[in-house]
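The following report concerns side-chain packing in a single model. The sequence and the structure are displayed first.

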Amino acid sequence: MNKKWIVFVLPYLAVWAGLFLFKNAWLTLLGFHVSVLIALAILRPRVPLNILFKSSHPKWIIISVLFCSTSGIGLYFLWHSFGIAHDLPAQLISLGLNSSSWAAFIAYFSLVNPFVEEYFWRGVLGNATKKIFVIDAVYAGYHAIILWGRVPLSSVLFAVMILTSAGWLWRQFLREDGGLLAAVLGHMAADFSILMTVYWMCT
């Protein structure tokens, strides 16, 4: 239980430190990934890495990618409804996301982060239950740190609810498909579409 407690806290600490202590988007993302690697070293999971590339039914990949790619579209149309801070472009620049770094950040976040998160949250810490699982909420919760000060509290809570549902959905893809490839590719589609929308609206 102590190990699990530490493992849950590490990603939260990494994201908090990156955003509020170092105030750098790259350090936040890389620090988060390092925290996951440390957590995995503590847990010593037996889940094989090839689960990330496993899929038994291509239909789940198609469903996952098509559905998750609507994330950015939804954000675009609900941008003003979410009450996103007017100074968000300035906030992002202060975190090191400027015209020269956006492309690399979007590429790394979209192509690397989904593998890290799906293996950790769904592969190692996941559960085969069809119900909402505590890890779904833990996964969603650290995003509140990212959104804090950028949208109203009501929007933070709404986003956490949506992300909890996303965590549940990706676990169901794993349960149905026997692998994480559908979840990884869907996660990629979601991350890419969301970041492209943020980039489009802020530059």
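Pro58, Lys59, Ile62 and Leu66 are exposed on one side of helix H3, where exposed means over 50% relative accessible area, buried under 20% and partly exposed in between (1.4 Å probe, protein chains only). Helices are DSSP runs of H or I with at least four residues, numbered from the N terminus. The buried residues of H3 (residues 58–68) are Trp60, Ile61, Ser64 and Cys68. Because these buried residues fall within an arc of 100° seen down the axis of H3, they line one face of the helix; the arc is that of the directions from the helix axis to the C-beta atoms. Among the elements that cover them are helix H4 (70–78), helix H10 (153–177) and H11, with contact defined as heavy atoms within 4.5 Å.

The model is predicted: local features require pLDDT of at least 70, side-chain atom pairs count only at pLDDT 80 or more, and totals for chains, interfaces and linings use all residues. Residues are numbered from 1 along each chain as its sequence is written, and side-chain values use heavy atoms, with hydrogens and water left out.

In the largest nonpolar core there are 58 residues, and those with the most contacts inside it are Trp102, Phe120, Trp121 and Trp170. Helix H11 (residues 181–202) supplies the largest share of this core, 10 residues. Such a core is a set of buried Ala, Val, Leu, Ile, Met, Phe, Trp, Tyr and Cys residues joined through side-chain atoms within 4.5 Å. Apart from its neighbours within four places in sequence, Phe120 contacts Val7, Pro11, Val36, Ala39, Leu40 and Leu125.

The structure contains 16 aromatic pairs. Rings of Phe, Tyr and Trp (its six-membered ring) pair if their centres lie within 6.5 Å; planes under 30 degrees apart count as stacked, over 60 as edge-to-face and the rest as tilted. Two of the pairs involve Phe105, as tabulated below.

| Pair | Centre to centre | Angle between planes | Class |
|---|---|---|---|
| Trp102 and Phe105 | 6.3 Å | 85° | edge-to-face |
| Phe105 and Phe109 | 5.8 Å | 40° | tilted |

Trp102 and Phe105 both belong to helix H6 (residues 102–111), three residues apart, about one turn of the helix. Phe105 and Phe109 are likewise both in H6, four residues apart, about one turn. Trp102 has a relative accessibility of 3% and therefore counts as buried; Phe105 is buried with a relative accessible area of 6%.

Phe105 is also one of the contacts of Trp26, which, leaving aside neighbours within four places in sequence, touches Ser101, Ala104, Phe105 and Tyr108. Trp26 lies in helix H2 (residues 25–43) and counts as partly exposed because its relative accessibility is 24%. The C-alpha atoms of Trp26 and Leu95 are separated by 8.1 Å, the two residues being 69 residues apart along the chain.

One aromatic cluster is formed by Tyr12, Phe32, Phe120, Trp121, Tyr139, Tyr142 and Trp170. Over the ring of Tyr139 sits the charged end of Arg122, 4.3 Å from the ring centre; this term requires NZ of Lys or CZ of Arg within 6 Å of the ring centre and within 35 degrees of the ring normal.

Asp136 is located in helix H8 (residues 134–141) and counts as buried because its relative accessibility is 1%. Its side chain makes a polar contact of 2.8 Å with that of Arg171. A polar contact is a pair of N or O atoms within 3.5 Å; within protein, one must be able to donate a hydrogen and the other to accept it, and residues adjacent in sequence count only if both atoms are side-chain atoms.

Terms used:
Helix = DSSP H or I, 4+ residues; strand = E, 2+ residues; numbered from the N terminus.
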